[in-house]
Each structure stands twice: as C-alpha cells, then as structure tokens.
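Visitor: I am new to this structure. Could you walk me through how its features get their labels?

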Amino acid sequence: MRVVPASKVKELRERTGAPMMDCKRALEDAGGDMERAATLLRERGQLKAEKKAGRTAQEGLVESYIHLSGRIGALVEINCETDFVANTEDFHNLAHDIAMQVAAANPRWVSPEEVPAEVLEAERETLRRQAEAENPGKPAAIVDRIVEGRLKKFYERECLLQQPFIKNPDVTVEQVVKDAIARLGEQIVVRRFARFERGETGR
C-alpha cells in the first residue's frame with residue numbers, strides 16, 4: 001500500500017472537512033491522487049447519509065443572514081438529531097452557509113417534492129410548448145426528453161437543495177448537506193426557510 005504523506009492528508013482534510021483517518025484511507029485507496037480521494041470521500045459520505053436518512057432530526061437551530069446593509073435577509077431552520085451536534089461550529093457554519101444561499105439565490109422551495117402539483121404541471125406544459133415550437137415534427141419521445149432536461153434546470157433554479165452551492169458551484173446544496181451528515185454522523189434536514197427583501201410585496 002502506498003504511503004501517503006501527512007501533508008496530503010492534512011490538505012485533503014482542510015479541503016473536505018472529513019475526519020483525518022477517512023482522508024488517509026481515501027488517499028491510500030486513490031493511490032495518492034487528491035481529486036480521486038475527494039471523489040471517494042463524497043461517495044462514501046453519500047452512503048453514510050443514506051444510512052441515516054430514516055432517523056429523526058428534531059434538534060437544530062434557526063439561523064439568520066442579513067445581506068447588503070439590511071436590504072435582504074433570510075431565516076433557515078435546519079435540524080439534526082442531538083443538541084450536541086446542534087452546538088458544534090461545523091453545524092453552525094452549515095446553517096449560516098445555507099441561510100446565505102437562500103439570501104443570494106432566492107429559491108422558492110426546499111426540494112422538488114415541495115413544488116405544488118399545479119405549479120409543476122403548468123411549468124411542464126410551458127416547457128412542452130416551447131420544445132414543440134423549437135423542434136417541429138420531432139417525435140414525442142424526443143420532446144419528452146427535452147422537457148425533462150429543462151425541468152431539471154427549473155429545479156436547479158427554484159429548489160434550494162438542487163441549487164449549485166454559491167461557495168462551490170461544482171456541488172449542489174444537497175451534496176453539502178450530505179457531506180455534513182458524513183462528517184457529523186447524524187441525520188441533518190433543511191426544514192424550511194423564509195427570505196425577505198426590502199420593499200418586496202410577494203412573489
């Protein structure tokens with residue numbers, strides 16, 4: 001097995017926030033390749049997150065973020081399983097980042113599952129008309145694929161967990177939460193949010 005320098009383990013930990021032993025193991029399995037090791041950590045974190053998905057998360061906190069000298073503000077409720085984790089700096093940083101995401105990216109729902117059926121149907125119909133107008137004579141199956149692709153973009157724009165993370169657009173907010181679940185060892189749920197903009201009368 002390849003010996004991994006401690007400096008690389010430290011660098012990977014600083015980059016991902018994963019425990020030192022997990023970083024060391026990932027680097028060993030990746031043959032010292034930093035990018036591959038980071039990918040392995042994300043994949044393993046996803047498995048840990050899925051194992052914890054059924055557990056109850058009722059502790060946590062409500063975090064606020066105020067932007068642009070008070071012009072925009074956001075409140076986010078984020079839950080975990082214990083008050084011990086809720087009081088950690090890592091959890092507070094996660095909540096702060098998500099509140100900042102809400103303020104900056106202005107999502108409408110937490111996840112695709114929260115999009116009302118009538119809104120989704122109206123969006124799907126609009127996208128279908130656009131696709132048919134842009135691709136006259138194309139088979140229905142191809143139009144359907146175009147619609148589903150554009151619907152994915154709709155979710156990425158309007159649903160918090162599907163949005164590219166503002167601090168690292170290469171990952172989604174959902175992946176950031178799953179990475180935190182892997183690090184902290186508890187189920188974490190973004191429960192709800194509210195965004196306020198001075199002078200706004202509603203969407």
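Visitor: Which residue forms a salt bridge with D97?

Guide: This is a predicted model. In it, K167 forms that salt bridge with D97.

Visitor: What makes K167 and D97 a salt bridge?

Guide: Their closest N and O atoms are 2.8 Å apart. The cut-off is within 4 Å, so the pair qualifies. K167 sits in the loop between β3 and β4, D97 in helix α5, 70 residues apart.

Visitor: Why is K167 called exposed?

Guide: K167 has a relative accessible area of 53%.

Visitor: Why does D97 count as buried?

Guide: D97 has 14% relative accessibility. Buried means under 20%, so D97 is buried.

Visitor: How do you know that R71 and E197 meet in a salt bridge?

Guide: The N to O distance is 2.7 Å. The limit is within 4 Å, so this pair counts too.

Visitor: Why does R71 count as partly exposed?

Guide: R71 is at 29% relative accessibility. Buried is under 20% and exposed is over 50%, so R71 falls in between.

Visitor: What makes β1 and β5 edge strands?

Guide: They belong to an open sheet with the order β1-β2-β5. Each of these two edge strands pairs on one side only.

Key. Residues are numbered from 1 along each chain as its sequence is written. This is a predicted model: local features need pLDDT of at least 70, side-chain atom pairs count only at pLDDT 80 or more; totals for chains, interfaces and linings use all residues. Side-chain values use heavy atoms; hydrogens and water are left out. Two strands pair if DSSP finds at least two bridges between them. Helices (H or I, at least four residues) and strands (E, at least two) are DSSP runs, numbered from the N terminus. A salt bridge is a side-chain nitrogen of Lys or Arg within 4 Å of a carboxyl oxygen of Asp or Glu. Buried means under 20% relative accessible area, exposed over 50%, partly exposed in between (1.4 Å probe, protein chains only).
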